[in-house]
Amino acid sequence: MTARSWIFVLAAMVAATAMADGGDTALVTAVQGRVTRVAPGNAQPLQAFSKLKHGDLLALDKVARVQVVYFDSGRQETWSGGGQLEITRAGGVAHGLAEPQVKTLPLVMVKQIAKTPSLDSQGRVGMMRLRSVATAQ
């Protein structure tokens with residue numbers, strides 16, 4: 001196999017692994033106030049247009065507000081107040097938060113939202129260029 005073939009095989013394996021682990025579950029579409037993504041030993045400020053995975057935990061300050069769109073259901077939740085929010089595929093699970101405002105978005109719109117590029121650690125939108133691999137003739 002050529003080096004290009006190996007790169008193609010490796011890229012396919014990485015894509016399959018990402019799909020198998022469930023990938024992204026939701027997208028944060030708006031953040032007001034201080035909202036952080038909590039991980040063991042680490043807390044990072046959350047920004048709008050960040051993608052979330054099943055099991056992510058968000059911490060909201062008393063005056064914070066966050067809006068999340070879930071890819072599987074088209075559910076849009078707006079959470080306010082102090083507490084924590086656990087992200088699941090079905091929707092958010094509140095820990096100390098009041099009930100959210102909920103809307104159901106059309107699935108066509110949710111598919112477009114799911115294509116939104118995610119932010120890198122510097123807050124910049126990531127871009128990727130794909131190139132085709134020439135086939136042997």
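Start with Leu85: setting aside neighbours within four places in sequence, Leu85 is in contact with Asp56, Leu57, Leu58, Leu60, Trp79, Gly92, Val93, Ala94 and Leu97. Contact here means heavy atoms within 4.5 Å. Keep in mind that this is a predicted model, where local features need pLDDT of at least 70 and side-chain atom pairs count only at pLDDT 80 or more, while totals for chains, interfaces and linings use all residues. Residues are numbered from 1 along each chain as its sequence is written, and side-chain values use heavy atoms, with hydrogens and water left out.

Leu85 also turns up in the largest nonpolar core, a group of 15 residues. Val35, Leu46, Leu52, Leu58, Leu60, Val66 and Leu85 have the most contacts inside that core. Such a core is a set of buried Ala, Val, Leu, Ile, Met, Phe, Trp, Tyr and Cys residues joined through side-chain atoms within 4.5 Å, and buried means under 20% relative accessible area (1.4 Å probe, protein chains only). Two or more residues each come from β1, β5 (57-60), β6 and β8 (83-87); β6 gives the most, with three. Strands are DSSP runs of E, at least two residues long, numbered from the N terminus. A second, separate core of six residues includes Leu27, Leu105, Val110 and Ile113.

Now follow β6. Strands pair if DSSP finds at least two bridges between them. β6 (residues 65-70) pairs with β1 (residues 24-32) in the antiparallel sense over six bridges, and Val31 has Val66 as its bridge partner in β6. β6 also pairs with β7 (residues 75-80), again antiparallel, over five bridges; there, Arg65 has Ser80 as its partner. β6 and β7 form a hairpin with four residues between them, and Gly74 in the turn has a positive phi of about 80°.

Technical notes:
Buried means under 20% relative accessible area, exposed over 50%, partly exposed in between (1.4 Å probe, protein chains only).
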